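This report looks at how two chains meet and how one of them is folded. The sequence and the model come first.

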Amino acid sequence: MIFLGPLVSSFILGFLILANLLKNSRLPNRAMFLFILAAPVGLGTCSIAMFWAYVAAASHGKGLSFVLIGLLGAYLLIRLVLKSKSKAVQQNFFHLDLSWLKKKPDKAALLYALLSAAAFILFCYIFGRFVRNFIAASCWEIFGGWDARFIWNLKAKFFFRSPAEWAGMFRQELSFSHPDYPLLLPGAIAWAWNWAGKELLIWPPLVAFLFTAGTGLLILWYLFSYVTLWSGLVACSYFFIIGEYQFWSATQYADIPVCFFMTSSIITLLAAVRTGEKSIFFLAGLLAGMAAWTKNEGLFFAAWAVLISAGALCLNPMPWSDKKILACSFIGGLGIPLLNVFYLKIIQAKTGDYLGSGRSASEYFSLVFGSGAKTQVILNGFQTYMTKFDDWNGLWILFFCALLVGLSIKRKEILENSSWIPAVAVILIELGYFAVMHASPHEIHWQIETALLRLLLHAGALALIFSFEVFSPSSRSETEIHP
Amino acid sequence: MSKTIRLVLACVFYALLCLLILRSKTPEVRPVPPELIQGLLSGSHRGYVEFGNEFSGFKKYFPEKIHATFLMDFPFNPYAPTIAQYYTAQSYFVPMILNPEPEEKVAIVYCTNHSIADQRMQQTGYRLAAVEGDGKGIAVKI
């Protein structure tokens with residue numbers, strides 16, 4: 001069980017970061033949220049710290065990364081213990097919103113309990129099946145899929161095997177492994193390898209599992225907190241039967257972690273808008289930044305997240321001075337991982353497929369708007385891949401139905417409780433990919449066949465959340481969430 | 001929106017979802033021998049072979065981490081069906097850099113057979129220095 005050390009340490013680090021941020025928060029079901037996010041946030045932070053340790057000390061990067069992460073953990077622990085302001089909130093930290101259990105048993109409460117129990121049984125069965133399949137697929141393909149072998153784990157080997165030569169991963173001879181790709185996943189893998197002193201085969205699939213399970217559980221947390229428990233359990237079960245998530249989770253690609261960070265950032269932003277707390281805005285920004293530190297697509301997402309948060313704040317009736325503070329908090333969180341991304345792109349790996357490709361803005365403009373035939377091929381690609389039933393189990397069809405229902409019947413409610421945020425995020429993410437496909441340096445059919453399905457993974461969980469929120473009989477009122 | 005429409009929509013939606021979940025196919029799972037799982041959990045990796053192990057024979061030629069060319073059947077082409085061999089070799093030899101272009105003083109020759117290897121060495125200006133199998137070996141720049 002040599003992997004337990006890095007697993008527990010990254011969980012504790014993530015826990016401390018989140019506990020510091022959320023200690024005085026009114027976020028519903030905070031403890032559940034914190035347990036879901038702790039390990040991924042911890043791994044992301046380890047990766048960020050490792051990168052700077054290697055930049056600063058190269059051959060001593062391994063040792064320095066342990067020192068940095070240790071010091072950060074110690075600081076967060078001391079801050080949490082010494083500077084906790086509100087004892088009342090501290091005592092209430094592990095509160096789970098199970099008020100419906102305490103209600104006087106009436107017909108509605110009984111129905112809620114029955115539905116929740118049935119949904120829980122369904123969830124246990126589906127999740128058990130997912131775990132069994134994941135273990136089998138991972139054991140037989142322990143080195144993961146193509147990108148895991150030749151991009152993510154290859155970069156992790158540079159971190160682990162020879163810190164003095166870690167920058168070899170940015171050399172042009174290795175253009176096949178995309179020297180400019182962000183390093184959250186390789187850093188998270190190398191963190192455990194450095195800890196264990198060997199290339200633990202179990203670690204990359206374990207990281208993949210943490211992010212996949214985390215994405216499903218985030219859906220559960222959001223719907224449990226803002227809709228109903230049974231709705232969350234059904235949605236989470238539905239997520240774990242979607243063929244695409246089942247397949248790609250075991251390949252150890254970075255698409256699932258980026259899906260996790262995009263989903264967590266948007267639902268945290270939604271919670272931030274509803275609570276109006278700056279620490280949650282900071283967290284939403286941090287998670288968006290971590291998406292950018294995971295994949296290039298995350299950089300695109302970070303721009304959308306800024307746009308969405310600006311839109312959400314503009315629509316909010318609070319005073320402008322408060323809006324400025326919240327916006328600064330979001331940008332502050334976003335800026336931490338973005339520093340890594342910019343240093344990587346500007347200093348370490350100056351060339352890339354898009355950034356650093358030497359193409360001008362006008363070239364990109366003519367690529368996006370200049371070819372009707374290419375646009376048609378890309379549109380057909382989206383239509384074909386989104387409607388593949390075996391791959392998505394109807395997820396995208398449900399999302400478009402939810403959009404129709406949302407726009408026609410539930411418009412007022414969606415605007416009032418900011419439920420439009422996940423839907424707008426999905427649309428912007430897909431629009432971004434639609435535009436980027438035009439500028440791809442690769443042959444368009446090849447690009448669509450190899451990348452489009454994976455790109456659709458990124459916003460799938462958000463599409464699912466929006467669909468469930470629209471079709472569910474009633475969302476919880478604000479007073480019910482924050483008594 | 002009236003409560004009735006809302007309720008009807010919700011009923012249809014959840015009935016459909018439950019149907020989709022319950023009718024979802026259980027993927028066929030090849031049973032995993034417990035020894036493999038034990039090997040992974042303990043970190044001994046019993047039952048697994050190191051990734052790129054087919055290149056282990058070449059390791060003795062590189063006591064120092066120098067750059068080397070990786071010579072394949074064809075000039076480097078990322079879309080070639082056998083390109084995974086080069087990527088696997090690079091992954092195995094990290095942190096040593098394997099250059100797919102014939103620019104380095106030493107080359108790992110990894111071709112399908114010796115006649116293709118001879119042809120490729122002639123094209124790129126290498127001569128064979130050590131043999132590691134049919135079409136495989138170490139070459140040095142002429």
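## Salt bridges between the chains

A salt bridge here is a side-chain nitrogen of Lys or Arg within 4 Å of a carboxyl oxygen of Asp or Glu. By that rule, chain B and chain A share two salt bridges. One of the pairs is Asp390(A) with Lys25(B), whose side chains meet at 4.0 Å, N to O. The model is predicted, and side-chain atom pairs count only at pLDDT 80 or more.

Across the interface of chain B and chain A, 13 residue pairs are in polar contact, both residues at pLDDT 80 or more.

## What chain B brings to the interface

Four elements of chain B each supply at least two residues of the side that touches chain A: α1 (3–22), α2 (34–42), α3 (83–93) and β2. The largest share comes from α1(B), with 10 residues. By class, this side of chain B has 34 nonpolar, 11 polar and five charged residues.

## Extent of the interface

The size of an interface is often given as the accessible area lost when the parts come together. For chain B and chain A, that buried area is about 4800 Å². Carbon and sulfur atoms account for 72% of it. Three residues stand out on the chain B side: Tyr14(B), Ile21(B) and Phe51(B) supply 13% of the area that chain B buries against chain A, more than any other three residues.

Counted by contact, 50 residues of chain B meet 57 residues of chain A.

## The sheet of chain B

Chain B holds an open sheet of five strands, ordered β2-β1-β3-β5-β4, with mixed pairing. Which strands stand at the edges? They are β2 (98–99) and β4 (126–133) of chain B. Each has a single partner strand, so one side of each is left without a neighbour in the sheet.

Helix α4 (residues 114–124) of chain B packs on this sheet. The helix touches β1 (68–71), β3 (106–110), β4 and β5 of chain B. Its direction makes about 150 degrees with that of β4(B).

β4(B) pairs with β5 (residues 136–141) of chain B in the antiparallel sense, over six bridges. Gly133(B) has Lys136(B) as its bridge partner. Further along, Val131(B) stands opposite Gly137(B).

## Backbone notes

Where is the cis peptide bond of Pro95(B)? It joins Val94(B) and Pro95(B), with omega about 15 degrees. Pro95(B) lies in the loop between α3 and β2 of chain B.

In chain A, Gln252(A) has phi near 65 degrees, a positive value in a residue other than glycine. Gln252(A) sits in the loop between α11 (243–249) and α12 (255–275) of chain A.

Key: Residues are numbered from 1 along each chain as its sequence is written. Chains are lettered from A and ligands numbered from 1 in the order in which they are written. This is a predicted model: local features need pLDDT of at least 70, side-chain atom pairs count only at pLDDT 80 or more; totals for chains, interfaces and linings use all residues. Side-chain values use heavy atoms; hydrogens and water are left out. Two strands pair if DSSP finds at least two bridges between them. Contact means heavy atoms within 4.5 Å. Axes are lines fitted to C-alpha atoms, for helices over the stretch in contact, and angles run from 0 to 180 degrees between N-to-C directions. Buried area is the accessible area (1.4 Å probe) that two parts lose on being put together, summed over both. A polar contact is a pair of N or O atoms within 3.5 Å; within protein, one must be able to donate a hydrogen and the other to accept it, and residues adjacent in sequence count only if both atoms are side-chain atoms. Ala, Val, Leu, Ile, Met, Phe, Trp, Tyr, Cys and Pro count as nonpolar, Asp, Glu, Lys and Arg as charged, and the others, Gly among them, as polar.
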